[in-house]
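I opened this notebook to keep a record of what I looked up in one structure. I begin with the strands, go on to the helices, and finish with a few single residues.

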Amino acid sequence: MNLLENEGEYRHYTFLREERYQFQGLRNENYVEAELKVTLLKMKEDHPIFRVEMPLYKQSNSEGTYQWIGDLHELRERIICTLNENGQLGEILNLEEIQEKWIEIKPKVIKVHKDEKYKAIFIKGIDELLQNGEQLAHALRYAMPYQLLFPGIHTKDFKKNEAVKGYREIPNFIATKNIPVTTNESIKDLENGRYQIDVKGVIDENKFEQDKVTNMIRILKNRPRVPTLVELNYIERYLLEEWPWSEQSMCMSLVQIPGTLYREEKNILKAIPHDLSIN
C-alpha cells in the first residue's frame, strides 16, 4: 500500500473498554465508550503523520482515579503524532496545543478536586508529564486506544507459520511503572485480502521489577511468606482490512497475585462503516 496515495484518508472507530480491579478487599470496575476519528494527514521523511480525535468519551465510574481520567479527557481530544521506526506512536506534534489546554482547564480541575488528599501529587505529575514530549509519547504509546491503533505490527515482515517477536507494556502497576511484556505475533490470511494477526504475551522477566512488587506486598500483608509472584494472561487480535487500517482490534489482559490482586482488562476497537472520501 502506498501511503502517499492515501494522504487525507480517515477512519471512524468505536472504542469499548471493560476494567475490573481488586486489591486486597478493595474492588472497582469501569466501562468506557468512546468514538474516534483517525486521519492520515501526510507523510514526512517516510513517516506517516496521524491525527487522532476523540470527541466522545463516556465512562461508568467517576470515583477516585477514574474521575481524574474523565476530567483530563480534554487533553486527549486531539492528538497529532508520527509513528516511530517500530510503527508505534512516535512524536507528539501538537504538544504546545495540549499544554495550552492544560493551562486552560487546570484551575477547574484543582477546584473540583480541592478536598482530595493526593491532589497536589496528581497535579504535579501532569505538569511534569506535559513538559516533556518524549514522556507524553511514551505514556500514550502503550495506553488505550493508541496501542490498538498503532501496535507496531504493520512494519513487520510476517510469514505464515512463523512467529515474530514484539514488545508491549502494561502501565501503572503496583510498586513499578509498568509490566514489560514480550510477544509472539503470527499472521493468518483471510478472504478478500484481509489479514488476522494473533498476539500472545508473557512477562519479560529480565526487565520486570518483581523484587519491588514482592517488597511492597510483604509490607502490606506483614507476612514474609505471602505469595507475591505476578501472573499474566495476555492476548491481542487484529483484523486488518488493508494496511495500515484495522477493521477490528482487541486486547485482553489478566494480571494476578493470588490472594492479593486481580486486574482484568478488555479493549475493543472497531471500525465504523465508511466511505473513502478524502478529508
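The entries below follow that order.

**Entry 1: what I am reading.** I noted that this is a predicted model, in which local features need pLDDT of at least 70, side-chain atom pairs count only at pLDDT 80 or more, and totals for chains, interfaces and linings use all residues. Residues are numbered from 1 along each chain as its sequence is written, and side-chain values use heavy atoms, with hydrogens and water left out.

**Entry 2: the sheet as a whole.** I reminded myself that strands of a sheet pair through backbone hydrogen bonds, either parallel or antiparallel. Here I found 11 strands in an open sheet with antiparallel pairing, and their order is β5-β4-β3-β2-β1-β11-β10-β9-β8-β7-β6. Which strands stand at the edges? They are β5 (89-92) and β6 (164-173), and because each has a single partner strand, one side of each is left without a neighbour in the sheet. From one strand to the next, the twist averages 25°. I wrote down the terms as well: helices (H or I, at least four residues) and strands (E, at least two) are DSSP runs numbered from the N terminus, and two strands pair if DSSP finds at least two bridges between them.

Entry 3: Going on from β2 (residues 26-44), I counted its antiparallel pairing with β3 (residues 47-59) at 11 bridges, and Lys37 has Glu53 in β3 as its bridge partner.

Entry 4: How many bridges pair strand β7 with strand β8? Nine bridges pair β7 (residues 176-189) with β8 (residues 195-203), in the antiparallel sense, and Lys188 stands opposite Gln196 in β8. Five residues lie between the two strands of this hairpin, where Asn192 in the turn has a positive phi of about 60°. Seven bridges then join β8 to β9, running antiparallel, and Lys200 stands opposite Ile235 in β9. Strand β9 (residues 231-242) pairs with β10 (residues 245-257) over 11 bridges, also antiparallel.

**Entry 5: the helices.** I noted that two packed helices are described by the angle between their axes and the distance between the axes. Axes are lines fitted to C-alpha atoms, for helices over the stretch in contact, and angles run from 0 to 180 degrees between N-to-C directions. The axes of α2 (residues 95-112) and α3 (residues 119-131) come within 10 Å and cross at roughly 170°. That makes α2 roughly antiparallel to α3 (under 35 degrees counts as roughly parallel, over 145 as roughly antiparallel, 65 to 115 as roughly perpendicular and the rest as oblique). Contact means heavy atoms within 4.5 Å, and the residues that meet include Trp102 in α2 and Ile126 in α3. For α3 and α4, I found an angle of about 105° with the axes 5 Å apart, which makes α3 roughly perpendicular to α4.

Entry 6: Is the peptide bond from Met144 to Pro145 cis or trans? It is cis, with omega near 5°, and Pro145 lies in the loop between α4 (133-141) and α5. I also stopped at Asn172, which has a positive phi of about 60° although it is not a glycine, and which is found in strand β6. Searching the whole structure gave five aromatic pairs (rings of Phe, Tyr and Trp, its six-membered ring, pair if their centres lie within 6.5 Å; planes under 30 degrees apart count as stacked, over 60 as edge-to-face and the rest as tilted). One of them is the tilted pair of Phe50 and Phe150, at 5.1 Å centre to centre and 45° between the planes. This pair links distant parts of the chain, with Phe50 in strand β3 and Phe150 in the loop between α5 (146-149) and β6, 100 residues apart.
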